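I opened this notebook to record what I looked up, one topic at a time. The entries below follow the order in which I went through them.

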Amino acid sequence: GLFVNARLEALPFAAGAAGTLSLRFVLEHIENPERLWEECARVLLPGGRLVLITTNRISPLVALAGCVPHRLRERLISRVFKVRPGDIFPTWHRWNTPRTLANPPRGFSLERIEYVEALDWTRRFVFLALLLLAFVTRPRLLRPIRSNVVAVYCRCQQAEGQ
């Protein structure tokens with residue numbers, strides 16, 4: 001598949017150029033998610049799919065991380081997940097709750113939403129902690145507090161206003 005590095009608010013593709021877009025741990029870093037949704041609607045074919053995985057703002061782990069100053073969070077994340085500090089971006093969490101994700105913007109319909117734990121293998125203790133959290137949140141009532149959300153949206157056949 002094609003891999004492109006570009007500003008999400010101005011993708012270098014023609015209107016209707018994509019049948020599927022995938023955003024993996026991107027949405028939480030977008031300051032103006034409404035503009036992102038507009039650009040995804042522009043690039044997707046009618047009936048195309050937008051698949052995203054993002055952090056869940058109401059998860060206790062994500063909420064706790066949000067209380068840590070960015071510089072300290074950057075140092076911790078770079079050590080725990082073995083990434084360079086410059087590869088850790090500020091988070092906004094403007095569209096990262098079960099409620100906002102379950103109510104897609106104009107031009108999209110929600111096909112599926114799942115709450116998951118991304119079991120990270122970079123460190124054994126991280127994997128075990130996330131596995132424990134996944135086990136504890138197995139009951140349906142507790143799933144919405146899992147750390148991540150996977151959502152699949154369909155671009156409506158005829159976007160409103162077109």
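**Surface and overall build**

I began with the surface: the protein exposes about 10,300 Å², of which carbon and sulfur atoms supply 60% (Shrake-Rupley method, 1.4 Å probe; for residues, only the protein chains shown count as cover). I note that this is a predicted model, in which local features need pLDDT of at least 70 and side-chain atom pairs count only at pLDDT 80 or more, while totals for chains, interfaces and linings use all residues. Residues are numbered from 1 along each chain as its sequence is written, and side-chain values use heavy atoms, with hydrogens and water left out.

I then listed the elements and found five helices and four strands, in the order β-α-β-α-α-α-β-α-β from the N terminus (DSSP runs numbered from the N terminus, helices being H or I with at least four residues and strands E with at least two). The C-alpha trace spans about 50 × 35 × 30 Å along its principal axes. Of the 162 residues, 35% count as buried (under 20% relative accessible area, with exposed over 50% and partly exposed in between; 1.4 Å probe, protein chains only).

**Helix H1**

Which residues of helix H1 (residues 33-43) are buried? I recorded Pro33, Leu36, Trp37, Glu39, Cys40, Ala41 and Val43. These buried residues pack against strands E1 (18-24), E2 (44-55), E3 (108-116) and E4 (148-155) (contact means heavy atoms within 4.5 Å).

**Aromatic pairs**

I found three aromatic pairs in the structure (rings of Phe, Tyr and Trp, the last by its six-membered ring, with centres within 6.5 Å; planes under 30 degrees apart are stacked, over 60 edge-to-face and the rest tilted). Trp37 and Trp95 form a tilted pair, 5.5 Å centre to centre with 50° between the planes. Trp37 lies in helix H1 and Trp95 in the loop between helix H3 (70-81) and helix H4 (98-102), so this pair ties together parts that are 58 residues apart in sequence.

Trp37 is buried at a relative accessible area of 4%, and Phe108 is buried at 7%. Ring pairs link Trp37, Trp95, Phe108 and Tyr153 into a cluster.

**Leucine 142**

Is leucine 142 buried or partly exposed? I looked in the loop between helix H5 (124-136) and E4, where leucine 142 is found, and with 33% relative accessibility leucine 142 counts as partly exposed.
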